[in-house]
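Colleague: Could you walk me through how to read burial, contacts and pockets in a model like this one?

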Amino acid sequence: MSLMRLTAFFLWLLAFAAQPAAAAASPNLWSLEQQLSSLVAGKTADVGIAALDLSSGETISINGDRAFPMASTMKVAVAAAYLQQVDYGRRSLDTLIAGQPAQQLIERMLIHSDNAATDILIRNLGGPQAIQGWVSWHGFSNMRVDRTIAQLLQSPRDLWDSRDSATPMAMVELLRRIDSGNVLKPGSKAYLLSTMSRCVTGKNRMRGLLPAGTRVEHKTGTLSGLTSDVGFITLPDGRRIAVALFARGGSDRPNTIAQAARAIYDGFVAELRAPFSGVLRAQ
């Protein structure tokens, strides 16, 4: 093995070792788990859910290890990969790419889900293989980036294709690492979250049934037969929950995602109020 590959391997091991195992849900979240299981069981769509309390590490997962097409939710990884280059001084938000500032491309990609802007950024970073290299270098398992958005849309639609897919648990791990500061420096992290908070697509999904004024930083994904939404929900006490919601096939997918997001919101709020929850969370 060459020195370069050996060094990369050890860096990967360090990145993987730095990921703490998610804490199991406390008994105060069992009712939420049951509620989400019942919600999924009553739907015609294949639904995957993962939610992670960024303060305690407690996790709820329904089909969380099942791979779903990422669609446009992969744009979070593209943005993070570019912003890490900014942090290293190799690129800047003012860099002109195809005649447009990188910042403008990132905001078009995350706020309006602009596919052309996404593919311009992907090409500038070295193509899908470079994004996959970034994903692998950070130790994000169960996440694949194989094609540009244009290539994905031109291919025959197969919602069970393992290419360009991620599990809900893999997606919340990406979100957790972004939030923790292990991936991006504070300025880039703040910029990414601020941009995600301005997302205008999918208002009937994660945001749809949450209380008015709830802060949500998210990115939607859509294909024929697939509806998804991933991001952060801030609770009234300031705790933040990383959430990944995917629905494939069936019907009423946006409302299914909205119902799951509201159940997660209510469940984590109720968990804080439950007797002895402070003791359980301290274990």
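Colleague: Is S228 buried or exposed?

Modeller: This is a predicted model, so let's work from its computed values. A residue counts as buried when its relative accessible area is under 20%. S228 has a relative accessible area of 0%, so S228 is buried. You will find S228 in strand β9, which covers residues 226–234.

Colleague: Which residues is S228 in contact with, leaving aside neighbours within four places in sequence?

Modeller: With those neighbours set aside, the contacts of S228 include M70, T73 and R205. T220, G221, L245, F246 and I257 are also in contact with S228.

Colleague: And where is A51, and is it buried or exposed?

Modeller: A51 sits in strand β2, residues 46–53. Its relative accessibility is 0%, so A51 counts as buried too.

Colleague: How far apart are A51 and V243, in sequence and in space?

Modeller: In sequence, 192 residues separate A51 and V243, while their C-alpha atoms are 4.4 Å apart in space. V243 is also among the contacts of A51 beyond four places in sequence, as are E58, T59, I60, V172, I241, A242, I264 and F268.

Colleague: Now for pockets: what lines the second largest pocket?

Modeller: That pocket holds about 220 Å³ of space. Its lining consists of A81, Q84, Q85, Y88, R90, L125, A130, I131, W134, W137 and H138. Two or more of these residues come from each of α3 (75–87) and α6 (128–137). The largest share, four residues, is from α6.

Colleague: How many of the lining residues are nonpolar, polar and charged?

Modeller: The lining of the second largest pocket has seven nonpolar residues, three polar and one charged.

Methods
Residues are numbered from 1 along each chain as its sequence is written. This is a predicted model: local features need pLDDT of at least 70, side-chain atom pairs count only at pLDDT 80 or more; totals for chains, interfaces and linings use all residues. Side-chain values use heavy atoms; hydrogens and water are left out. Buried means under 20% relative accessible area, exposed over 50%, partly exposed in between (1.4 Å probe, protein chains only). Contact means heavy atoms within 4.5 Å. On a 1 Å grid over the protein atoms alone, a cavity is a set of points where a 1.4 Å probe fits but cannot get out, and a pocket is an open set with protein on both sides within 12 Å along at least five of seven lines; lining residues have an atom within 4 Å of a point. Grid points are joined across faces, edges and corners, and a volume is the space filled by probe spheres set on the points. Ala, Val, Leu, Ile, Met, Phe, Trp, Tyr, Cys and Pro count as nonpolar, Asp, Glu, Lys and Arg as charged, and the others, Gly among them, as polar.
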